[in-house]
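Hi,

Here is the structure I promised to pass on. Have a look at it first, and then read my notes below.

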Amino acid sequence: MNPKDSRQNTQRIKMKTMLEPYLFILPVFILLLFMFGYPLINSIIMAFENYKLSNINDIYFNNFENFKKLFGDSDFLLLIKNSLVYVVLSVAGQFLFGLVLALALKQDFKGRGIYQSIVFLPWAFSTFVIGLIFRWAFNGEYGVVNDVLIRLGIIDKGIAWLGTPGLSLAVIIIAMIWMGIPFFGIMILAALQSIPEEVYEAADMDGCGMWQKFWLLTIPYIKPTIIITILLRTIWIFNSFDLVVIVTGGGPANYSQTLPSYMYTKAFSGYDFGLAGALGTLLMVILGLYAVIFLKLSNYDKAGDF
Amino acid sequence: MTITKKKRLVNIVRFFVLGFNFLIVILPIYWMVITSLKTNPEIINAQKITYFPEVFTLENYISLFNMLDYSSYLYNSTIVTMLTSICVVILSILGGYGLARFKFKGKEGMLLFFLITQMIPSILVIIPLYIMFSKAGLINTRFSLFVFYMITNLPFCVITMRSFFERIPYVLEEAAYVDGCNKVQTLTKIILPVMFPGIVAVFVFAFIGAWNELIAGTIFINTPDMWTIPVGLKSLIGKYNVQWGALMAGGVLALLPTGIMFIFVQKYVVEGLTSGAVKG
């Protein structure tokens with residue numbers, strides 16, 4: 001083998017090792033880039049078009065018409081308010097219940113495995129069926145919730161939960177909290193179990209009480225997990241609208257409608273894809289801002305390098 | 001208070017917390033199951049709501065099968081879900097391995113990309129995809145659902161797989177190279193067997209995600225012969241009247257596969273959820 005050949009050879013090997021990681025990742029990357037990128041760009045274009053599915057042959061650019069229509073919508077502020085209330089209360093509820101559950105599960109007891117399988121079960125359940133269960137339980141005429149509240153003497157006669165502004169959104173939030181407790185429980189429990197036992201022993205020797213141990217040891221240890229779980233769940237809950245569609249359909253009169261569910265309604269009941277595109281673009285801006293906050297708060301760029 | 005007294009108090013509180021949580025989870029499920037076993041007059045008797053069926057009946061299950069072509073939905077759901085899960089597992093093994101084992105240009109950006117794609121609301125993708133699929137003649141096919149379920153589940157699964165790979169010591173691989181294995185052989189013969197928990201976790205994530213999905217199903221599919229289970233069940237919700245008995249029976253049947261699956265592999269799922277979400 002002459003020197004030139006061997007140099008070419010090493011170059012070829014170098015090329016090969018340089019390309020290798022991309023061979024593993026590119027299939028997924030290209031698939032996702034195309035399947036997310038193309039729709040997102042299209043959705044932005046749609047936002048500036050008069051695009052009605054009922055009149056597919058008459059699509060033209062209408063500048064900011066869709067945005068004007070969106071921001072001029074008398075329900076627009078209501079949608080923002082609903083989305084905020086829905087996200088904040090759902091995350092807070094899931095977090096509190098999940099934290100308490102995880103703390104109770106930390107110490108081993110007989111049958112913990114089976115117990116966990118049951119209380120974490122809602123994680124595996126379909127949002128659709130969960131929505132059905134809660135819609136049925138909160139039914140105004142035949143619902144079990146009204147019956148229980150009447151028997152307990154809390155109310156005199158049945159409440160039309162799903163037909164009352166404010167209450168219909170509350171039912172959605174309750175269902176959302178129910179289905180999300182396991183995720184928080186699982187995450188916080190894992191963090192709790194990673195705290196070394198010696199830390200607590202040392203604290204015992206220093207004479208720390210239970211509350212002190214909780215606030216000074218447990219909470220700081222699990223804080224990073226709590227932050228990242230809350231951040232992940234916030235965006236997930238914000239995006240998820242199946243419960244709205246199933247439980248109330250956004251009613252009564254948009255009082256339980258959130259931004260994503262409104263987009264769904266506009267696109268597939270009103271067939272106004274242009275307006276849906278404008279809403280989508282707005283969601284993208286919100287998402288972009290959120291991603292920046294997420295990266296700042298979670299120290300993701302540092303966490304990515306380990 | 002003495003220490004033993006305090007400990008006892010803590011235990012009592014714990015017992016109540018655990019019991020309370022158990023009830024919270026069980027009661028809605030109980031209500032669904034019990035409703036599905038009542039007769040219809042009993043279900044819609046507003047005067048008297050029963051907490052235990054006066055008469056046990058399977059009539060709701062029978063009418064469910066009479067009203068709906070359940071076996072066809074089961075078939076569609078199974079095909080789409082299995083195909084999705086298998087492809088997601090394969091692609092996330094490749095992607096996860098690439099992200100875990102190599103240092104390369106653009107890795108940070110790639111990780112960020114997978115994080116951001118997890119945050120994109122599905123409705124944002126569904127609408128343009130609907131137009132795209134219509135143009136390509138893919139509306140009303142199982143393939144359209146398969147594509148959608150694959151891309152929505154992949155980002156999280158790739159990141160999860162990556163953290164499972166990172167837990168395997170590199171020494172294990174080096175030993176294989178010394179013995180003359182190439183990358184692919186090492187991956188299939190040495191690493192994958194150790195990766196079993198990760199593969200199970202990712203499979204279950206994709207399975208549950210695809211099996212339970214409703215919205216895309218109602219949009220991409222428009223004839224009953226292509227419906228998946230959730231879409232078929234949704235057809236029982238009429239504008240003016242809802243068949244609650246049959247609907248609850250359908251709900252029970254829809255939850256069984258994922259519920260049973262979860263109980264058996266709970267350990268792996270918990271491992272996967274925590275590693276996939278916390279690290280990225």
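**Where the two chains meet**

Between chain A and chain B there are 0 salt bridges, a salt bridge being a side-chain nitrogen of Lys or Arg within 4 Å of a carboxyl oxygen of Asp or Glu. What you do get between chain A and chain B is 12 residue pairs in polar contact, both residues at pLDDT 80 or more. (A polar contact is a pair of N or O atoms within 3.5 Å; within protein, one must be able to donate a hydrogen and the other to accept it, and residues adjacent in sequence count only if both atoms are side-chain atoms.)

Before going on, a word on the basis: this is a predicted model, where local features need pLDDT of at least 70 and side-chain atom pairs count only at pLDDT 80 or more, while totals for chains, interfaces and linings use all residues. Residues are numbered from 1 along each chain as its sequence is written, chains are lettered from A and ligands numbered from 1 in the order in which they are written, and side-chain values use heavy atoms, with hydrogens and water left out.

Back to the contact (heavy atoms within 4.5 Å): chain A puts in 94 residues and chain B 95 residues. About 8,800 Å² is buried between them, and carbon and sulfur atoms give 81% of that. Buried area here is the accessible area (1.4 Å probe) that two parts lose on being put together, summed over both. A:Phe24, A:Phe36 and A:Trp136 supply 9% of what chain A buries against chain B, more than any other three residues. Helix H1 (residues 3-47) gives the most to chain A's side, with 20 residues. Helices (H or I, at least four residues) and strands (E, at least two) are DSSP runs, numbered from the N terminus.

**Chain A as a whole**

Chain A has 13 helices and 2 strands. Its radius of gyration is 26 Å, well over the 19 Å that the globule rule gives for 306 residues, so chain A is more spread out than a compact globule. (That radius is taken over C-alpha atoms, and the rule is 2.2 Å times the number of residues to the power 0.38.) The C-alpha trace spans about 95 × 75 × 30 Å along its principal axes. Of the 306 residues, 52% count as buried; buried means under 20% relative accessible area, exposed over 50%, and partly exposed in between (1.4 Å probe, protein chains only).

A:Leu231 sits in helix H9 (residues 210-239) and is buried, at 7% relative accessibility. Leaving out residues up to four places away in sequence, A:Leu231 touches A:Tyr290, A:Phe294, A:Leu297 and A:Ser298. A:Leu231 and A:Ala291 are 60 residues apart in sequence but 9.5 Å apart in space, C-alpha to C-alpha.

A:Arg112 belongs to helix H4 (residues 112-119) and is buried too, with a relative accessible area of 15%.

The loop between H10 (242-248) and H11 (259-268) of chain A holds A:Pro252, and the peptide bond from A:Gly251 to A:Pro252 is cis, with omega near -10°. A:Ala253 lies in that loop as well. A:Ala253 has a positive phi of about 45° although it is not a glycine, and counts as exposed at 61%.

B:Asn140 is in the loop between H6 (122-135) and H7 (142-166) and counts as buried at 18% relative accessibility.

Cheers
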